[in-house]
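Please read these points with the model open beside them.

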Amino acid sequence: MAIEILVPRLGWTMEEGVFIRWLKQDGDPVVQGDLLFELEGDKAMTEVESMDAGVLRIPPDSPEPGTTVLVGALLAYIVAPGEAAPFEQKALAASKSFSRESVASVESVVTAPVTQPAAPSTSTPTISPRARRVADELSVDWTKIKGSGRTGRIVEADVRAAAEAIAAANVKQPIPEPVVQIAPQPALVSTPQSAATRAPLSATRRVIAERMSAGVHIAAPVTLNSEVDATELVRLREQLKNDKRSTAIPSYTDLLAKIVACAMSDHPALNARFEGNEIVTERAIHIGIAVDTERGLLVPVVRDAGTKTLLQIAGESAGLITRTREGKVGADDLRGSTFTITNLGMYDIDAFTPIINLPECAVLGMGRITPKQVVTLKPGTIDEVERVAVRRMMTLSLTFDHRLVDGGPAARFLQRVKQLVEQPYLWLVS
Amino acid sequence: MRELTYTAAAREALAEQMAIDPTIFVVGEGIGPRGGNFMTTLGLHEKYGSMRLRDTPIAERGFIGLCTGAAMTGSRPVVDFMFLDFILDAMGELINQVAKIQYMSDGRLKMPIVLRGSIGVGGSAATHHSGNYYSIFAHIPGFKVVIPSTPYDAKGLFKTALRGNDPVMFLEHKLLLNMKGPVPEEDYEIPFGQARIARAGSKGCRATVVALASMVRKTLDACDVLLKDGIDIEVIDPRTVSPLDTDTILESLHRTGRLLIVDETFAPCGIGAEIAAQAVDRALDDLDAPVKRLNGAFAPTPYSPPLEAAMIPNAATIEAAIRDLLAE
């Protein structure tokens, strides 16, 4: 096996030397102690002797006499008699040589300058890292706080006091819509006993956060509430339930989907959306139905509700909702709605302010259907009771984007929905 | 529970383990019939004889070399330096051989040697007998560096030292040697690298103090004074500085937000600097104030009793340092 002849280190600080000349020639036999070549180090010229016996083989690309060589550079080989030198086997020759580049690259890694952060501006108050962390956790704007630390530094106690002051002030005022923090919090390096639990934002949660936040902060939402008499609607549903030939029993959400689609044909402004500087009004009515799932809020879409019968809508939405709850719904099923209905009546919610699912124009919230006493006055009187009846009442909450439609048209739309709820025959024949 | 002095507790650990393990022998000046300058081997010569309690001439480098060879060949030497300052004469053997031989032999040779001696400022021992040195040894890979602050810890940590295969610096502060405290009669070990919370702060506690060796007791005294003003402090005794239980310190810092290290010895390149660097590195967002250190003066230790007392922290200066930290 070939033995490499390398440029030796002649002194502790030597990194390179000058190769003077060979004292043996290519192909010469050598034994231990034979002088091989002359090398000039930091201080003196040295004759370097062979540590091994064999045949000296000098590759064609070996340094020329008089050239500077790095410590560790390959000069030649000693091989057994008859053995081919590595450079004759081509592939190996140059790979072992110790290049200046490789030395330089190691140094550059070690001494790579660390980028200095910009010096802190003197105009902003200083804050301890812990106080900054707590301010982030409590959503306190610390730039407004006066620090009590020795150098005016804001410390944790200052932030907590500010947070308490804000909380106290909020008790008296309506609490503003919380701003959903979408950016993930930086993970703490050591929080072994943190009181709070932390979980990364799921993709679904992130989308919900963005959409809900946009519905409040980008749209100009206004909510209209209207109490409607749903007695006839309840009666209609009971009759459909009792009819053995019904292929599907529509839910109240399905009934409202049909009614909304029906009302929309007279009020197409509620089916509009922004697209850049244009208002686009779809002819087709695609109703999104808000579904509460383990992943969070999802809105599958019943397409072309305007041209479908009630039983078609009922059959389609039942399948959609089941697939949504089971997590089997496709992305296309969740896309393209032009109006959304959200029903919290089953949780005994009377009325609420739904958030618009942008770019839609409006969203209809359904409250619970509950029996109430309803007074009917004698015609032409102010307060003479004709009869008091128990009716099944429900509150509808319509949130619309005031950028797209005004209060009047939106109110007329809701009024039409109310009418169709109270008099189902009107849309049954349509 | 019965009470023992710090020295008696460590001596009990040594005596018990010598009875179990015949490879243990003790080497040092005056540790034979005299029983050790600090009574570290009192009564052991009568029990185990001159073969296992070897008095030596004043030749530290020589007997460290002998013990290094003995440890390499299967014995368990305990070298008693009396004052740890005398170990300095053997630094070449210690750092180049004792600390490195397991590495250099690829683990084939073990180095079960315990190096013990008194450390610290006190009793006008003057500058040749007052060094602490644990920062220096903690800087060298290969040593375990143990600084017990109670009799209980002295016994448990000494047992661990006598049962391991690594060189252990067992450093006993001279002002703690006569301190009494509860020590169980049964056998127990205290693992290295496990700090002790010497005083647990309540929920509203706003500062963590890491105290080393004799500073633990002084810090606890300072905390008693502060508690009268309603100031509650958590105190941590690392017990071993190599390995250093940074996790316990940072966990406490996470709760309190402020950190002071009280260390009798010099500040530069010391344990306090190491703890502060780790706190900034790993727990920056837990810090509500700069990490503070309280150290002895960076100077040779004077003989003069008033000067000696003035150069190291005491309960009053520790109390002031804690108040200063809380005012940051």
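**Notes on the model**

1. H9(B) is mostly covered, with 9 of its 11 residues buried. Here a residue is buried if 20 or more other C-beta atoms lie within 10 Å of its own, exposed if 12 or fewer, and partly exposed in between, with C-beta atoms placed from the backbone. Helices (H or I, at least four residues) and strands (E, at least two) are DSSP runs, numbered from the N terminus. The model is predicted: local features need pLDDT of at least 70, side-chain atom pairs count only at pLDDT 80 or more, and totals for chains, interfaces and linings use all residues. Residues are numbered from 1 along each chain as its sequence is written, while chains are lettered from A and ligands numbered from 1 in the order in which they are written.

2. The buried residues of H9(B) include B:Thr246, B:Ile249, B:Leu250, B:Glu251, B:Leu253 and B:His254. Their cover includes strand S10 (208-211), strand S11 (234-237), strand S13 (259-263) and H10 of chain B. After H9(B) comes B:Gly257, which has a positive phi, near 90 degrees.

3. Chain B has an open sheet of 5 strands in the order S9-S11-S10-S13-S14, with mixed pairing; two strands pair if DSSP finds at least two bridges between them. Strand S9 (196-199) and strand S14 (292-295) of chain B are at the edges with a single partner strand each, so one side of each has no neighbour in the sheet. On average, neighbouring strands of this sheet are turned by 25 degrees against each other, direction ignored.

4. Within that sheet, S10(B) and S13(B) run parallel and are joined by 4 bridges. B:Ala211 has B:Val262 in S13(B) as its bridge partner. Helix H12 (residues 315-326) of chain B packs on the sheet and touches S10, S13 and S14 of chain B, its direction making about 170 degrees with that of S14(B). Axes are lines fitted to C-alpha atoms, for helices over the stretch in contact, and angles run from 0 to 180 degrees between N-to-C directions.

5. Helix H4 (residues 91-98) of chain B has B:Glu93, B:Leu94, B:Gln97 and B:Val98 buried. Seen down the axis of H4(B), these fall within an arc of 110 degrees, so they line one face of the helix; the arc is that of the directions from the helix axis to the C-beta atoms. B:Gly92 and B:Asn96, on the other side of H4(B), are exposed. The buried residues of H4(B) pack against helix H3 (60-72) and helix H5 (101-104) of chain B.

6. In chain A, an open sheet of 4 strands has the order S1-S8-S6-S3, with antiparallel pairing. S1(A) pairs with strand S8 (residues 74-79) of chain A over 4 bridges, and A:Ile5 stands opposite A:Ala76 in S8(A).

Definitions and conventions: Two residues are in contact if their C-beta atoms, placed from the backbone, lie within 7 Å.
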